[in-house]
Amino acid sequence: LTMMSKNVNFSQELRESLEKIPEAGRERVAKLKVDVSKFHAELLFTRTWLNAQDEEFAQREQVANLLNMLEREDTALNLELDKMTQLVFETQRYFSASEDDKMPEPEQFFGHIGEFLMQFHSCWL
């Protein structure tokens, strides 16, 4: 920070580089996980429903196409959720004082960082 004190734009550049932090502090990760799980359950239900329909079901092909699209979306959602979970873990581990520390919920963790950034910016000015 001492070296950056000569850069009058440092605070603004820092805020811009971390602009997603306040949003991450408002995100409810547990709810996201539940919602992704519910999406998957609905997909399985619909797949089972379609398989129980007669072969003469008029919209079978259209529903099957829609289900294929939703399965791709389900896969993408789960991949993004796994990626997010890993990145949150790595970020929290980076800031952790000890390997044994219990990690706070992601929204709490990022909320603290967001609050720090706001206070830092107001002090920097």
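Asp35 is partly exposed, with a relative accessibility of 33%. That's a handy way into this predicted model, where the salt-bridge count comes to two. Below is a quick tour of those pairs, then a look at helix α5.

- Asp35 pairs with Lys31, and their closest N and O atoms sit 2.9 Å apart.
- Both residues belong to helix α3 (residues 29–52), where a spacing of four residues puts them about one turn of the helix apart.

- Arg47 and Glu71 form a salt bridge through their side chains, at 2.9 Å from N to O.
- This pair links distant parts of the chain, since Arg47 is in helix α3 and Glu71 is in helix α4 (residues 60–95), 24 residues apart.
- Arg47 counts as partly exposed at 22% relative accessibility, and Glu71 is partly exposed too, at 29%.

**Helix α5**
- Helix α5 (residues 106–124) runs for 19 residues and spans 27 Å from first C-alpha to last, close to the 27 Å expected at 1.5 Å a residue.
- Its buried residues are Pro106, Glu107, Phe109, Phe110, Gly114, Leu117, Phe120 and His121.
- Looking down the axis of α5, those buried residues fall within an arc of 160°, so they line one face of the helix.
- Exposed residues His112 and Cys123 are carried on the face of α5 turned away from its buried side.
- The cover over the buried residues of α5 includes α1 (10–17), α2 (21–26), α3 and α4.

Note on methods: Residues numbered from 1 in each chain as written. Predicted model: local features only at pLDDT ≥ 70, side-chain atom pairs only at ≥ 80, totals over all residues. Heavy atoms only, no water. Salt bridge = Lys/Arg side-chain N within 4 Å of Asp/Glu carboxyl O. Helix = DSSP H or I, 4+ residues; strand = E, 2+ residues; numbered from the N terminus. Buried < 20%, exposed > 50% of the residue type's maximum accessible area, 1.4 Å probe, protein only. Expected span 1.5 Å × (residues − 1). Arc of directions from axis to C-beta. Contact = heavy atoms within 4.5 Å.
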